[in-house]
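These are my notebook entries on a single chain. I recorded what I looked up, entry by entry.

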Amino acid sequence: MGSGRIRSPAGIKVHGRDEKSQKPARRSYTIYRNGPEGDGDPELEGLRVDMVQAEGAEPVRGTGAAWGKAPCPQRDQCKTVAYLLLGGLLVFVVAFLLGYVSSRVSCSVCGDFLTVVSEEGPYEGERDPGAAPLYWADLREMFQRQLNEEQIEGTIRKMSEAPHPPGSPQLDALSSHVLNAFASYGLDHSWTDSHYVRLQSPDRQRPNFLHRVGADGAVLERLPLEEPEVYCPYSAAGHVTGGLVFANYGRREDFATLRQQGVSPEGQLVIVRVGEISFAEKVANAEASHASGVLIYPDPFDIPQDSRKLGLSRNTSVYGHVHMGAGDPYSPGFPSFNHTQFPPSAVLRTPQNPSTAHQRQRGCPLAQPSPSLPRQLAGPAAPHSWRGRLPNVLYRLGPGEPGFRLQLGVQNVLQAVMISNIFGCMEGRFEPDHYLIVGAQRDSLGPGAARSGVGTAILLELARSFAAMVRNGFQLRRSLLFVSWDAGDFGSVGSTEWLEGYLTMLHLKAAAYISLDNAVLGYDKFLAKTSPVLISLIESVIRQVDSPNRSGQSIFSQVTEQGRRWESEVVRPLPMDSSAFAFTAFGGVPAVEFSFAEDSRPYPFLNTMADTYDNLNRALYGRLPAVAKTVAEVVGHMLIKLAHDHLLPLDYWCYGDVLLRHITQFSEYTALLKVRMVGICRGWSRGLTLQWMYSARGDYTRAAEKLRKDIYSSEEHNERLLRMYNVRIMRVEFYFLSQYVAVTETPFRHILHGQGPHTLGALLEHVHLLREAPAHFDEVLFRRQLALVTWTLQGAANALSGDVWNIDNNF
């Protein structure tokens, strides 16, 4: 009876599945733990013994009713035996059918621990054997039933009552509220993680200023600059004087347009509009053009400023940090534990002008400009697309009228501040050392309803809902980390310092990160700023979540109306001012940030002192809690899939297509590279080829295909194999971090999402010079950049292949 097969006696045909048909169809890679099964029916074992003995006897001749004609010393005994056998067979058939029905939603090869959960299949878990099974629809309903709009609304109101910057008593009180909430939900662990960082704040005794001065430096007019409590963190301190040049949004192409128009920003103050790119990028671009200072103002064209129609007041300033990076810039690449500090020369990412030691870049917010300031701009007329809606302003490029000079003074001070990140954890059952991380910024320089209040409210509601689901029998395969970050308004300082502190282990443990910052800025346009490996999962989730403004219609259906492609409507690259960016570009962890925005009218109060609950709710026509709940549903559905699928639903294959889209842009330069290198290089007998980069991309694609086939053909119940596959899948993002650059000098090492000369983007920009400015093409630098990119790609392909004996390439 080793095989467990039961052969029917002669003349009787048993209807059932053969050995091959007993193996169920391949289902979704989602597993949960079952309770222990029974030890089997001893009566069936006895039946098997009897039947084996019958099989060993001499076969009976005849057909059909040969059972009754078998030779037997006593006819009644034969009938009794036959009836017993038929009765036993009947019991077996009934038991078999019951087992078949139950096995429709369980994996027959997964042993006691696994059940398959799909759209039709149930979730069993370690539940009461008599309880009804949970299906995927039941899980969604259970989760959505736990979500509470009133709880979300109450938390947003509490978190946005007043400004609460890092280190303030107001933030300390809110921190205690978050920590107590995690503890009250019954999470497995809750704790705080503290760092000592250097943050900038305005000097109340010496406020920042902007003056119009004469040729002798005498102050002719004191111009309105900012609200006293509004400033741009990490602006370099000092005084600069110069003319005024208008540079639109301060993008690279805007400064290129200035050069084409014959206007030089060198040594001048540059005035730019809020929008399009971050404050830090505006200041960095101005610094690259050798400007002496930057003034940033909100233009009515970009931000509505009619207070009667929910617009920004004319006297309201917009704030934002000007640190071109993330984390504490005074400990780049290192965690700020125990007052870790470095000399000023190690500050790599704060604004400064390296060409002139006494001139540093200054960024400062500017309220609605005085009419006398923009009117002083002379020079060529600005392009039509640059013209905003300031009243009675002609929008010229500058510089100002002869003799018109401005003096900008930035007198912010640095302070050592202790910040605290707050954690709540729910441990997984099978892979507790693999984490799904959900985070939201807690601090805000203003009231921060949109900036931090909504995200914190969703974070707490997710933690409460999942804790309630676990108490009702739901089980996690992987651990969930709910994190409230500090010092987010200074450039994701809290989240980045934590990443820096645990970098050596997070790429082994963190499977994905979801940011809740800026989650609700509108209600009619859904956006996902994401790593490519999460795109497929996002699509499956938004197909199942209803749009907040169209009842009964999914988010996916709404964004694909009129034949639009959902990816072009929803997917965006990770922005530097998001905590998700640091997780991917610095930590090598797949990350995403979801948000609802207004397609036709931006939320005007973001990063201002008017970012209150009432203003945000008015902008959404009273639907703020409902829209926030929708974001919670999207994130919750993603967490259910990420935390319970026994094979992580990360699309490791996608990077083959992403790399192809990037690499094909080099094809038009192949001939130029060969001709140039042969004609100019000394000591080289051939031109430069990009073939090795193409080959590395091909190796990655083949490794991804091999992994897919290995997973498809593997045994689903083999936990060792599952863990091995999951580790390789969750490290895919980490594989694209360049191992050939120093993290302290080039923190964002990702060759696709990062920044620096090692990236594919930098390589493409450099090769563009072959046509745009051949004299500036640096062959030595280009060869180094090409080597960095190629070997990082090859390393990713090798790592995805698994063990060294499985690597098959001719590189």
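**Entry 1: Arg389.** I began with the accessibility of Arg389, which counts as exposed because its relative accessibility is 54%, and the cut-off for exposed is over 50%. I note here that the model is a predicted one. I then located Arg389 in the loop between strand E10 (363–365) and strand E11 (405–410). Which residues does Arg389 touch, leaving aside those up to four places away in sequence? I found Asp299, Pro300, Phe301 and Tyr395. For Phe301 I also looked up the separation from Arg389: 88 residues in sequence, but 5.3 Å in space from C-alpha to C-alpha.

**Entry 2: the rest of the E10–E11 loop.** I stayed in this loop and looked up Asn392, which is found between E10 and E11. Asn392 is not a glycine, yet its phi is positive, at about 60°. With 63% relative accessibility, Asn392 counts as exposed. Pro399 is found in the loop between E10 and E11 as well. Is the peptide bond from Gly398 to Pro399 cis or trans? I recorded it as cis, with omega near -5°. For context, I noted that most residues other than glycine have a negative phi and that most peptide bonds are trans.

**Entry 3: Tyr234.** I next looked up another positive phi in a residue other than glycine, that of Tyr234, which is near 70°. Tyr234 lies in the loop between strand E5 (219–222) and strand E6 (238–242). Is Tyr234 buried or exposed? It counts as buried, because its relative accessibility is 3% and the cut-off for buried is under 20%.

**Entry 4: H3 against H8.** I turned to helix packing. Helix H3 (residues 136–146) and helix H8 (residues 449–471) have axes that come within 9 Å and cross at roughly 130°. H3 is therefore oblique to H8. I recorded the crossing of H3 and H8 as right-handed. On the H3 side, the contact is made by Leu139, Met142, Phe143 and Gln146. On the H8 side, I listed Glu461, Leu462, Arg464, Ser465, Phe466, Ala468 and Met469.

**Entry 5: H11 against H16.** At what angle do helix H11 (residues 535–542) and helix H16 (residues 624–644) pack? I recorded an angle of about 120°, with the axes 10 Å apart. H11 is therefore oblique to H16. The crossing of H11 and H16 is right-handed. From H11, I listed Leu537, Ile538, Ser540 and Val541, which meet Val634, His637, Met638, Lys641 and Leu642 in H16.

**Entry 6: H20.** I checked the span of helix H20 (residues 719–730): its 12 residues reach 16 Å from the first C-alpha to the last, close to the 16 Å expected at 1.5 Å a residue. At the start of H20, I found a side-chain oxygen of Asn718 within 3.1 Å of the backbone nitrogen of Arg720. I then listed the buried residues of H20, namely Leu721, Leu722, Tyr725, Asn726, Val727, Arg728, Ile729 and Met730.

**Entry 7: the whole chain.** I closed with the totals. The secondary structure comes to 23 helices and 18 strands. Of the 811 residues in the chain, 54% are buried. Among contacts with a separation of 6 or more, 78% join residues 24 or more positions apart.

Technical notes. Residues numbered from 1 in each chain as written. Predicted model: local features only at pLDDT ≥ 70, side-chain atom pairs only at ≥ 80, totals over all residues. Heavy atoms only, no water. Helix = DSSP H or I, 4+ residues; strand = E, 2+ residues; numbered from the N terminus. Expected span 1.5 Å × (residues − 1). Buried < 20%, exposed > 50% of the residue type's maximum accessible area, 1.4 Å probe, protein only. Polar contact = N/O pair within 3.5 Å; in protein donor to acceptor, adjacent residues only side chain to side chain. Axes fitted to C-alpha atoms, helices over the stretch in contact; angles between N-to-C directions. Parallel < 35°, antiparallel > 145°, perpendicular 65-115°, else oblique. Left-handed = near helix turned anticlockwise from the far one by under 90°. Contact = heavy atoms within 4.5 Å.
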